[in-house]
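The structure is shown first, and the text follows.

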Amino acid sequence: MSITSRITVSAVAAAVGTAALAACGTPGGGADAKTVTLVSHDSFNVSKSVLAAFEKESGYKVKILKGGDAGKAVNQAILSKGNPQGDVFFGIDNTLLSRGLNEGVFSPYEAKGLADVPAGLQLDKGEHRVTPLDYGDICVNYDRGYFARHKTAPPKTFDDLLEPRYKGLLVTENSATSSPGLAFQLGTIATYGQDGWQDYWKKLKANGVEVVDGWEQAYYERFSGSAAGKGKGDKPLVVSYASSPPVEVLGKKPAPKEAPTGVATGTCFRQIEFGGLLKGAKNEKGGKALLDFLVSKEFQEDVPLKMFVNPARKDAKVPELFTKYGATIDKPTTLPPETITKNREQWIKQWSSLVLK
């Protein structure tokens, strides 16, 4: 999910108790020609049967080496460039992409199946140093029950959040410590521009926005619509994911007509997650085969219910849980990766000065 910690997604996967695929690996694990090592953030997950099918067909044994949240994993990949811990990296997103590319972490490789990935997700299309593998949206979620009881409509846009009727109702995450929090800030920058986003946050602060350190605290402890949190929070608005509503429904019998939470679709920031062949990979041939697998329909169709993000392939089937209960974000906000890289630290400092003091 990165700043995703995937950002993004670790927290969402944790919300349904998705067990992370445990695998030990050691630096240079790809040196064995029959072993290929995937380096990733902690949120990577794949069905055992899907992975086993790849291993049987390819003849490679896959080792998965997890390195904390996405930001930490990317930093480690940069520190070990040229002598990487594995062969393929999974989990750098568009908020950190330029940094990884500028540091020369990846070797070019055009994965098989890339033609079935929309051009809009291929941010390194000319050189193919990274391959888009999934995407998701960070958005404000709302507690349907709260707004029904109070007989008022939930917000739809960033502007709506400034209205007096939503005063004191929103909780968000700290941009300096949370990837969803940073993504939400980036969404406001994309919407109001570099000259207007700070004024927006002044108004949002005046309207009583609450800031907590991370997603789990915001969603489980402060949000009133979290089933896992048993609705103990008093904030009916929270910065979370467009895929959070399906998570709230997963496993419920009988299935409800709609999820208990909704998405303010005009508050979303698009995150795209990539994989790439690590420069200096000990098993380059195996790494290319693994990248091909990550773009394959088999893996792509496994992605939604294992990591609660959307598959990158346009021909990959999405489960009914997503289509029925999830929100389709037609016009998410975005920013060029190079713009984020150039300004990220300064923006975080400015945000902290405005909102936390």
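## Salt bridges and a helix pair

Lys61 and Glu55 form a salt bridge whose closest N and O atoms are 4.0 Å apart; a salt bridge here is a side-chain nitrogen of Lys or Arg within 4 Å of a carboxyl oxygen of Asp or Glu. Glu55 counts as buried because its relative accessibility is 18%, where buried means under 20% relative accessible area, exposed over 50% and partly exposed in between, with a 1.4 Å probe and protein chains only.

The model is predicted, so local features need pLDDT of at least 70 and side-chain atom pairs count only at pLDDT 80 or more, while totals for chains, interfaces and linings use all residues. Residues are numbered from 1 along each chain as its sequence is written, and side-chain values use heavy atoms, with hydrogens and water left out.

The structure holds 16 salt bridges, including those in the table.

| Salt bridge | Closest N and O atoms |
|---|---|
| Lys61 and Glu55 | 4.0 Å |
| Asp124 and Arg129 | 2.7 Å |
| Lys203 and Asp199 | 3.4 Å |

Asp124 is buried, with a relative accessible area of 7%. Lys203 is partly exposed at 46% relative accessibility, and Asp199 is partly exposed with a relative accessible area of 38%. Lys203 and Asp199 are four residues apart in helix H7, so about one helical turn separates them. Salt bridges that share partners also join Glu210, Arg222, Asp234 and Lys235 into one network.

Helix H7 (residues 197-206) packs with helix H14 (residues 337-355) at an angle of about 30°, their axes being 10 Å apart. Helices are DSSP runs of H or I with at least four residues, strands are runs of E with at least two, and both are numbered from the N terminus. Axes are lines fitted to C-alpha atoms, for helices over the stretch in contact, and angles run from 0 to 180 degrees between N-to-C directions. H7 and H14 are therefore roughly parallel to each other, a term for angles under 35 degrees. Their crossing is right-handed, meaning that the near helix is turned clockwise from the far one by less than a right angle.

Which contacts does the side chain of Asp87 make with backbone nitrogen? Asp87 is found in the loop between helix H3 (70-79) and strand E3 (88-93). Asp87 is buried yet has no salt bridge, and Lys282, the nearest side chain of opposite charge, is 7.1 Å away. The side chain of Asp87 reaches the backbone nitrogen of Lys282 at 3.3 Å, and a polar atom of that side chain lies 2.9 Å from the backbone nitrogen of Asn283.

Methods: Lys, Arg positive; Asp, Glu negative; His and termini not counted. Polar contact = N/O pair within 3.5 Å; in protein donor to acceptor, adjacent residues only side chain to side chain. Parallel < 35°, antiparallel > 145°, perpendicular 65-115°, else oblique.
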